[in-house]
Amino acid sequence: MTKSLTQKQELDRVTILFCGDSGDGMQLTGSQFTATSALFGNDVSTFPDYPSEIRAPAGSLAGVSAFQINFSSIPIHTPGDTPDALVAMNPAALKVYLPKLKPKGMLIVNRDTFSDVNLKKAGYGENPLEDPELANQYQLRAVPITTLTVNALEDVDLDNRAKQRCKNFFALGLIYWIYDRPLEPTLRWIEEKFTRAPKVAQANQRALETGYQLGETEESFTVNYIVAKAPTDAGAYRLVNGNEASALGFATAARLAGKPLVYSSYPITPATDVLHELAKLKHLDVRTIQYEDEIAAMGSAIGAAFGGTFSLTGTSGPGVCLKSEAINLAIMLELPVVILNVQRGGPSTGMPTKTEQADLLQAFAGRNGESPIPILAAANPADCFDVAIEAFRIAVRHMTPVFMLTDGYIANGAEPWRVPRFEDLETIEVTHPTDPEGFLPYARDESTLGRPWVIPGTAGMEHRLGGLEKQERTGAVSYDPENHERMCRLRAEKIERIADFLPEASPDGPSEGDLLVLSWGGTFGAVYSACQEAQKKGLAVAHLHLRHLNPFPRGLREVLSRYRKVLIPELNLGQLALLIRAKYLVDAVSFNKIKGRPFTIAEVEQKIEEMLS
Amino acid sequence: MTGAAEYRALTRKDFASDQAVRWCPGCGDYAILAQVQQTLPKLGIPRENFVVISGIGCSSRFPYYMDTFGIHSIHGRAPTLATGLKCARPDLQVWVVTGDGDSLAIGGNHFLHALRRNVDINILLFNNRIYGLTKGQYSPTSELGKRTKSSPQGSIENPINPIGVAIGAEASFIARTVDMFQQHMSDVLLRAAEHRGATLVEIAQNCVIFNDGTWRHLTDPNAKLENVLYLEHGKPMRFGQKRQKGIRLNGFRPEVVDVARVGEENLLVHDEKAEEPTLAHFLSRMGPPEFPTPVGVFRSIDKPIHDQLLLEQVREAQAQKSPDMNALYRQGQTWEVPQDAT
């Protein structure tokens with residue numbers, strides 16, 4: 001059976017949201033669509049959104065897992081504001097995500113799951129599919145996905161449950177037809193994934209193909225959307241999420257210095273994948289240790305740094321709380337350690353799987369005493385790679401612990417990453433002095449104020465470090481009042497001087513004007529896109545995105561003074577704004593969102609317009 | 001790092017730093033410091049390969065007085081620094097100095113896990129059954145009913161038994177000695193240093209200011225022989241002025257017996273190498289008033305060593321896979337955008 005006619009329609013970008021029960025394989029479905037689109041040549045950006053329960057009760061609202069992907073023929077920087085298409089595998093998923101769907105958007109639901117029991121679990125009094133309004137407001141396609149999947153697999157020697165489990169590939173196949181994607185990458189992936197279970201591979205492949213055929217043959221699917229390749233710089237690309245990119249960056253930093261990487265950690269969402277990724281890299285002399293707690297991980301990181309390795313610990317906000325005392329020890333010992341905080345919704349346990357950027361002040365000041373520490377934040381998944389390398393570069397050059405902040409949004413979101421050539425990366429110079437002549441543990445480098453990194457095993461240079469205040473130069477214990485003030489000022493100045501080694505603040509857009517939008521961390525995509533839109537409209541809006549939160553880049557004061565207004569959008573209650581206002585006496589306006597979700601472009605755009613009206 | 005050939009015979013003086021020792025006059029820590037400084041030169045290891053790491057407390061001043069590499073860290077966390085250091089640098093001899101509060105109260109978790117992992121470090125636990133540096137509060141090893149500044153009516157907490165905790169953590173080397181037993185301490189320290197894997201040496205130590213005489217029954221020349229059981233591997237357990245008493249097992253209960261009456265062949269024979277820690281557990285429970293206090297090596301067995309296993313995994317992975325960063329970057333699905341793509 002062939003359809004009479006199919007329209008072809010070209011689009012420059014499309015956002016799809018796949019949602020279903022935690023067990024429905026939505027993350028996998030979304031990842032496959034992403035990989036296929038990336039391989040095809042689109043620009044892509046994703047946002048996995050899943051519950052913290054591993055298996056919340058089946059069919060419940062709490063158990064809904066979603067994956068949003070934005071793919072395009074133009075450069076994009078976010079996973080998209082509002083989905084053009086929604087694939088809902090059960091009533092709970094429909095209930096949670098229907099409000100996000102664009103008016104007249106494509107709505108594909110698995111009709112088979114709309115049983116009385118499931119409707120009740122989702123809190124529907126009546127079956128929403130029977131409400132004619134749904135079909136009026138959206139392009140509703142209620143497909144019996146489970147039945148069609150099982151029918152297609154009639155002759156496959158698997159039990160019914162196993163056949164039903166293939167339904168996500170059926171749905172994926174249908175979406176592939178609608179958006180004119182090739183099946184080959186996913187067919188190949190299935191084959192590789194299920195080498196040991198050829199029957200399962202066959203079933204999933206057939207489900208995918210059958211879903212695709214449904215699009216081809218079913219009269220109600222009238223439009224075939226085309227999203228062409230996006231222009232990109234030449235080179236090799238792969239998909240990477242923030243946690244993968246961070247892990248690759250850290251491993252790279254250690255290789256650039258010819259050092260082992262020691263990763264001391266304790267599992268915590270959403271940072272755990274960094275441990276998983278690094279645990280696979282033993283062949284690069286990456287040594288991962290899973291500790292009894294966060295405190296132990298930080299203590300270990302100090303020990304490993306003292307031993308002369310590249311030392312890293314990674315966690316999320318609650319873990320940083322536990323590490324704080326030991327972070328202060330690292331500040332006192334002036335040893336290079338990188339602390340990765342993949343931020344999540346807080347306070348306390350908060351919202352483990354939801355994103356937020358409310359740990360900036362914790363990183364800045366969450367310790368006793370005067371305890372300055374450099375802070376870097378990554379802007380998007382691929383940026384995690386570069387920031388991870390820079391964090392180590394700063395740590396060893398200035399002999400200090402360094403905070404690297406990412407967040408759940410960029411940690412789990414994936415984007416194309418232009419693969420570097422290792423040979424092109426700048427090496428990281430490390431010296432361990434070996435000449436005992438005149439050696440003082442707290443003598444300082446003139447330009448960085450860093451102290452010498454002398455490691456155990458160096459004859460004649462035995463010395464003791466400790467958390468008690470240090471005498472300047474000798475490092476001996478000292479309670480001298482003058483010395484204490486000098487040391488506090490020295491430690492502060494050491495961090496301030498890092499700015500000498502950083503690029504100056506340079507905004508994107510007009511060099512002076514009505515509005516500067518100042519952002520940091522994972523909000524980059526939405527803020528950048530919103531500023532681009534504003535500039536297209538001819539508004540005098542510039543964007544400055546900060547990678548360095550402590551110290552701030554040189555020239556920031558001057559940049560801030562060149563605009564009539566300053567807007568600081570943050571996924572917190574105004575933490576960067578507090579620092580900027582305090583440091584530069586600028587009447588910056590805070591724009592805040594703390595819903596566990598990233599900004600949409602529209603939200604920022606609207607705020608920009610409001611600021612200028 | 002200095003090779004064995006270049007090794008210069010070291011003496012106690014080589015391990016003494018230029019810092020004035022600032023424990024209270026008469027503190028048991030002096031005797032321990034002296035024994036450690038006496039013992040380390042006997043190991044034939046270059047001084048620069050020693051690292052002494054401590055937490056917080058009187059005992060934790062120790063690294064400042066040793067002319068080795070050292071870190072005076074934070075309360076209870078010394079085993080974590082030691083583990084990280086050992087994983088970074090398995091070539092080093094790492095010693096942890098801690099007290100009963102540092103290791104069994106605030107640092108209890110790390111103490112357990114360092115022993116469980118069997119990291120190749122040596123832990124010296126100075127047990128004076130009191131908090132000294134904070135001026136006299138009860139510690140996790142203080143006796144029930146102990147009157148201190150924070151327990152004026154007597155402590156209402158049951159004490160913890162360091163040896164028992166170490167057994168529970170499956171430690172591969174567990175020993176006890178006493179600050180005043182110079183030769184004995186030296187022997188035990190040597191054994192600990194030579195053991196591969198984590199070692200725990202509990203040192204009964206006197207706090208002359210806040211808990212003076214807490215171990216008097218072990219150190220008083222008149223009472224000591226009646227109260228101390230010296231453990232010797234393969235030897236029957238005898239003690240007393242004339243070694244007239246012994247330990248016999250009666251069902252599941254040890255008992256003190258008269259050797260002349262029951263015969264030496266019926267005494268418990270010490271076996272520090274027993275795979276099962278049952279005997280060590282019996283011994284850990286012994287103490288006054290019914291039993292003598294055992295000192296010496298309770299347990300010394302071979303077990304896989306954490307830092308070695310870690311390095312073996314690294315070497316195995318290195319043998320199987322080349323350290324090609326570009327291959328790593330390109331793992332999974334990659335695609336090429338050609339030069340002329342616009």
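Two strands pair here if DSSP finds at least two bridges between them. Helices (H or I, at least four residues) and strands (E, at least two) are DSSP runs, numbered from the N terminus. This is a predicted model, in which local features need pLDDT of at least 70 and side-chain atom pairs count only at pLDDT 80 or more, while totals for chains, interfaces and linings use all residues. Residues are numbered from 1 along each chain as its sequence is written, and chains are lettered from A and ligands numbered from 1 in the order in which they are written.

I'll begin with chain B. Strand S9 (residues 245-250) and strand S10 (residues 253-258) of chain B run antiparallel and are joined by 6 bridges. Leu249(B) has Pro254(B) in S10(B) as its bridge partner. The hairpin has 2 residues between these strands, and Gly251(B) takes a positive phi near 65° there. On its other pairing, S9(B) is joined by 2 bridges to strand S8 (residues 238-239) of chain B, again antiparallel. Phe239(B) stands opposite Lys245(B). That hairpin has 5 residues between its strands, with Gly240(B) in the turn at a positive phi of about 105°.

Next, burial in chain B. A residue is buried if 20 or more other C-beta atoms lie within 10 Å of its own, exposed if 12 or fewer, and partly exposed in between, with C-beta atoms placed from the backbone. In helix H4 (residues 108-117) of chain B, 7 of the 10 residues are buried, so the helix is largely enclosed by the rest of the structure. Among them are Phe111(B), Leu112(B) and Arg117(B). Asn118(B) follows H4(B), and its phi is positive, near 60°.

Phe50(B), in strand S1 (residues 50-54) of chain B, is buried as well, with 24 other C-beta atoms within 10 Å. Two residues are in contact if their C-beta atoms, placed from the backbone, lie within 7 Å. Leaving aside neighbours within four places in sequence, Phe50(B) has contacts that include Leu40(B), Phe69(B) and Trp95(B). Phe50(B) is 42 residues from Leu92(B) in sequence, yet their C-alpha atoms are 6.0 Å apart.

Now the sheet in chain A. What is the order of its strands? The 7 strands run S11-S10-S12-S13-S15-S14-S20, in an open sheet with mixed pairing. At the edges, pairing on one side only, are strand S11 (286-290) and strand S20 (548-550) of chain A. Neighbouring strands are turned by 20° against each other on average, direction ignored. Axes are lines fitted to C-alpha atoms, for helices over the stretch in contact, and angles run from 0 to 180 degrees between N-to-C directions. Helix H11 (residues 272-279) of chain A packs on the sheet, and its direction makes about 135° with that of S11(A). Helix H15 (residues 383-398) of chain A also packs on the sheet, at about 165° to the direction of S15(A).

Last, the interface. In all, 57 residues of chain A are in contact with 55 residues of chain B. Which element gives the most to the side of chain A that touches chain B? H12(A) does, with 9 residues. This side divides into 29 nonpolar, 16 polar and 12 charged residues; Ala, Val, Leu, Ile, Met, Phe, Trp, Tyr, Cys and Pro count as nonpolar, Asp, Glu, Lys and Arg as charged, and the others, Gly among them, as polar. Strand pairing also crosses between the chains: 3 bridges join S17(A) to strand S2 (residues 69-72) of chain B, running parallel. Leu465(A) has Ile71(B) as its bridge partner.
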